[in-house]
Amino acid sequence: EDRNRALNKKNLIHRVFMVSKLGDGLSNRAEVGQYYDHFLKQMRSEMQTEPITGLMLIYLKHVVHVLECSSDIILEVAKELTNQENNSEGMISNSKILVISHDINHRQYQAWGFRTLDIVEPGLESYEPT
């Protein structure tokens, strides 16, 4: 806690890696990035928490998402992923958290952003959530 005060941090920062499948009915993949851009900005303003940094890579059939943020934001993102899966018209499905690194010392990203990529992800075709 003293270290956080010295760094002017309100909360611990965590890094989480997630992977999801894109919804079948999605026509424009950039909509996923725009949606989460708006969602994360809204969460940050509502919760008055540390800045949210990271990167969302939107492939042809999958999304890889790295977030560096407080645990409160991670929980809200997990709830939103569940809502997306329960919605028949959701943009993403079959989301999994791959790894969470707690109390990271420094960030790898300066801001949050997303990119759509038109390349085939090697090895993700065999991705089947259990």
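## Close-up views of the predicted model

**Figure 1. One cavity of 30 Å³ or more is held within the structure.** The model shown here, as in every view below, is predicted. The volume of the largest cavity is about 50 Å³. Its lining is formed by Met18, Ser20, Val32, Tyr36, Met56, Val63, His65, Leu81 and Ile92. Strand β1 (14–22), helix α2 (30–47) and strand β3 (62–69) each contribute at least two residues to the lining of the largest cavity. Sorted by class, the lining of the largest cavity comprises seven nonpolar residues and two polar residues, with no charged residues.

**Figure 2. The largest pocket has a volume of about 190 Å³.** Its lining is made up of 14 residues, and Gly23, Asp24, Ser88, Glu89 and Gly90 are those nearest the centre of the pocket. Helix α3 (71–86) and strand β4 each provide at least two residues of the lining of the largest pocket. This lining divides by class into four nonpolar, seven polar and three charged residues.

**Figure 3. Arg15 and Glu68 are joined through their side chains in a salt bridge.** The N to O distance of this contact is 2.8 Å. Distant parts of the chain are linked by the pair, with Arg15 in strand β1 and Glu68 in strand β3, 53 residues apart. Both Arg15 and Glu68 are buried. The structure holds four salt bridges; among them are the Arg15 and Glu68 pair and the pairs of the two views that follow. Side chains of opposite charge can pair when their charged atoms come close.

**Figure 4. A salt bridge connects Asp118 with Arg29.** The closest N and O atoms of Asp118 and Arg29 lie 2.3 Å apart. This pair, too, links distant parts of the chain: Asp118 belongs to the segment after β5 (112–116), whereas Arg29 belongs to the loop between β1 and α2, and the two are 89 residues apart. Asp118 counts as exposed because its relative accessibility is 61%. Arg29 has a relative accessible area of 17% and is therefore buried.

**Figure 5. Within helix α3, the side chains of Glu76 and Lys79 form a salt bridge.** The distance from N to O in this pair is 3.6 Å. Because Glu76 and Lys79 stand three residues apart in helix α3, about one helical turn separates them. Glu76 is partly exposed, at 22% relative accessibility. Lys79 is likewise partly exposed, with a relative accessible area of 44%.

**Figure 6. Phe17, Leu98 and Val99 make a nonpolar surface patch.** The area of the patch is about 260 Å². Leu98 is located in strand β4 (residues 92–101). With a relative accessible area of 58%, Leu98 is exposed.

Figure 7. Val16 and Gly54 are separated by 38 residues in sequence, and their C-alpha atoms are 9.2 Å apart in space.

**Figure 8. Asn94 and Asp103 each have a positive phi although neither is a glycine.** Most residues other than glycine have a negative phi. In Asn94, phi is about 50°. Asn94 is placed in strand β4 and counts as partly exposed, its relative accessibility being 28%. In Asp103, phi is also about 50°. Asp103 is found in the loop between β4 and β5, and a relative accessibility of 30% makes Asp103 partly exposed.

**Figure 9. The whole chain contains three helices and five strands.** Along the sequence these elements follow the pattern α-β-α-β-β-α-β-β. Of the 130 residues in the chain, 39% are buried.

How values were computed: Residues are numbered from 1 along each chain as its sequence is written. This is a predicted model: local features need pLDDT of at least 70, side-chain atom pairs count only at pLDDT 80 or more; totals for chains, interfaces and linings use all residues. Side-chain values use heavy atoms; hydrogens and water are left out. Patches are made of residues with over 30% relative accessible area and no salt bridge: like charges are joined within 9 Å, nonpolar side chains (Val, Leu, Ile, Met, Phe, Trp, Tyr) within 5 Å. Accessible areas come from the Shrake-Rupley method with a 1.4 Å probe; for residues, only the protein chains shown count as cover. Helices (H or I, at least four residues) and strands (E, at least two) are DSSP runs, numbered from the N terminus. Buried means under 20% relative accessible area, exposed over 50%, partly exposed in between (1.4 Å probe, protein chains only). On a 1 Å grid over the protein atoms alone, a cavity is a set of points where a 1.4 Å probe fits but cannot get out, and a pocket is an open set with protein on both sides within 12 Å along at least five of seven lines; lining residues have an atom within 4 Å of a point. Grid points are joined across faces, edges and corners, and a volume is the space filled by probe spheres set on the points. Ala, Val, Leu, Ile, Met, Phe, Trp, Tyr, Cys and Pro count as nonpolar, Asp, Glu, Lys and Arg as charged, and the others, Gly among them, as polar.
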